[in-house]
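Subject: Structure for you to look at

Hello,

I am passing on the structure we spoke of. Please have a look at it first; my notes on what was found follow below.

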Amino acid sequence: MLERALLVGLDITTINKRIDNIDIDSSMDELEELAKAAGAEVVGRVVQSRQAKDPAYYIGKGKAEEIKEHCDALDVDLVIFNDELSGAQMKNLEDIIDRQIVDRTALILDIFAQRALSKEGKLQVELAQLKYRLPRLYGMGKALSRTGAGIGTRGPGEQKLEIDKRHILNRISDIKRELKEVKKNRQVQRMQRLKSDIPIVALVGYTNAGKSTLTNELIKTHKEYTKEKEVFSKDMLFATLDVTLRKALLSNNREFLVVDTVGFVSKLPHDLIEAFKATLEEVKYADLILHVVDASNRNYDIQMDTTLNVLKELDVLDKDIITVFNKVDKLDYDINAMKDEDVVFISCKTGYNIDLLLDKIETKLMKNLYKVEMIIPYTNGEIFNLLKEKTVIDKFEYIEEGIYVKVSLDDKDYGRYRDYILE
């Protein structure tokens, strides 16, 4: 049975007090989607306008008492607040409203706890949960005693009140050590990928922009594609959390790796950003970044800024980036009027312009190709076989000296096969 949730937001009326540019209605809409993703049934929402947050009750004591009446009338199980609450605010609100209180940070952490599948993902979520709960042990007394009872209490980081601060700090240290080992293993795997010389294309963007769906469209180009290799995709926030790598193929027969990363959201908990930076490091090693944007979202520009700010923190804005506006099938205006070589409008749902996107990917990845002529001795026939697998050979001919080949090589292959190239 779904938990019945009431959403509560605070509309700060002074501009200098705002922490983001998103309007309150859009922010509450996003909170509702997050609540649904966590498994709640949203039965109502309340927005309070104030010049600043109340340090004790967030929305003010009078409004908290009013919300208590709403909860009684609507048979509400929990109240979800649109900002992060302090331990004292949480305790004070719970005392008045007499319902489980969950803030936006706990809600996002709960979703991550449900969706993380890999060992690294689970450890990162647990670390973020423990860091979130540590300063709130007193304020979250009732919630912590409700271990496993529902939204805000699930996941690998759940702790009962009896567990003291020292125990939690020790667990945080243990997790950090485990994550270091996982990071070492990931670095070994990454080095193996880099040695393979296969170009890497990383997909980044706001949650539910369509990154996983686009990943599935791109990998269909590969000769080894099967339905089982598709990544999970669904029209919901944070459908996938773990980084996935899949092979795809360009029209010139060259392979590339598609890396699907975790999506972003406004007011993403700081500890979660820090925790997942390690996962997002894959973007640093990408040859090309696809910034996937939900073109149908009225706040797409704000969502783009959120993503670009994270990319800036990762120091990867100097890489080639193609901005991919997805879900154009939902638009009612002419997108063809907006033209830019680093921008493409697509619809993963209908397949619109996927071919154009692949062409742009190929152009970016193959921009440093050299058209060369080679003669490969018959004693090195394995090189010719390797070229046939990795590239599209324009022409080849068996001559007395060996195999004459006309082909396009990238920087790495040019250096590798330099001895066979005709000057």
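**What was found**

The chain exposes about 20,500 Å², and carbon and sulfur atoms supply 48% of that area. Please keep in mind that this is a predicted model.

Overall, the chain has 423 residues, and 52% of them are buried. It contains 13 helices and 13 strands. Of the contacts with a separation of 6 or more, 70% are between residues 24 or more positions apart.

Two packed helices are described by the angle between their axes and the distance between the axes. Helix 1 covers residues 24-38 and helix 4 covers residues 104-115; their axes lie 9 Å apart at an angle of about 35°. The crossing of these two helices is left-handed. On the side of helix 1, the residues in contact are S27, E30, L31, L34, A35, A37 and A38. Helix 4 meets them with R104, L107, I108, D110, I111, Q114 and R115. By class, the contact of helix 1 with helix 4 has 8 nonpolar, 4 charged and 2 polar residues.

The other item is a strand pair. Strand 6 (residues 244-249) and strand 7 (residues 255-260) run antiparallel and are joined by 6 bridges.

Regards

Definitions and conventions. Residues are numbered from 1 along each chain as its sequence is written. This is a predicted model: local features need pLDDT of at least 70, side-chain atom pairs count only at pLDDT 80 or more; totals for chains, interfaces and linings use all residues. Side-chain values use heavy atoms; hydrogens and water are left out. Helices (H or I, at least four residues) and strands (E, at least two) are DSSP runs, numbered from the N terminus. Buried means under 20% relative accessible area, exposed over 50%, partly exposed in between (1.4 Å probe, protein chains only). Contact means heavy atoms within 4.5 Å. Accessible areas come from the Shrake-Rupley method with a 1.4 Å probe; for residues, only the protein chains shown count as cover. Axes are lines fitted to C-alpha atoms, for helices over the stretch in contact, and angles run from 0 to 180 degrees between N-to-C directions. A crossing is left-handed if the near helix is turned anticlockwise from the far one by less than a right angle, and right-handed if clockwise. Ala, Val, Leu, Ile, Met, Phe, Trp, Tyr, Cys and Pro count as nonpolar, Asp, Glu, Lys and Arg as charged, and the others, Gly among them, as polar. Two strands pair if DSSP finds at least two bridges between them.
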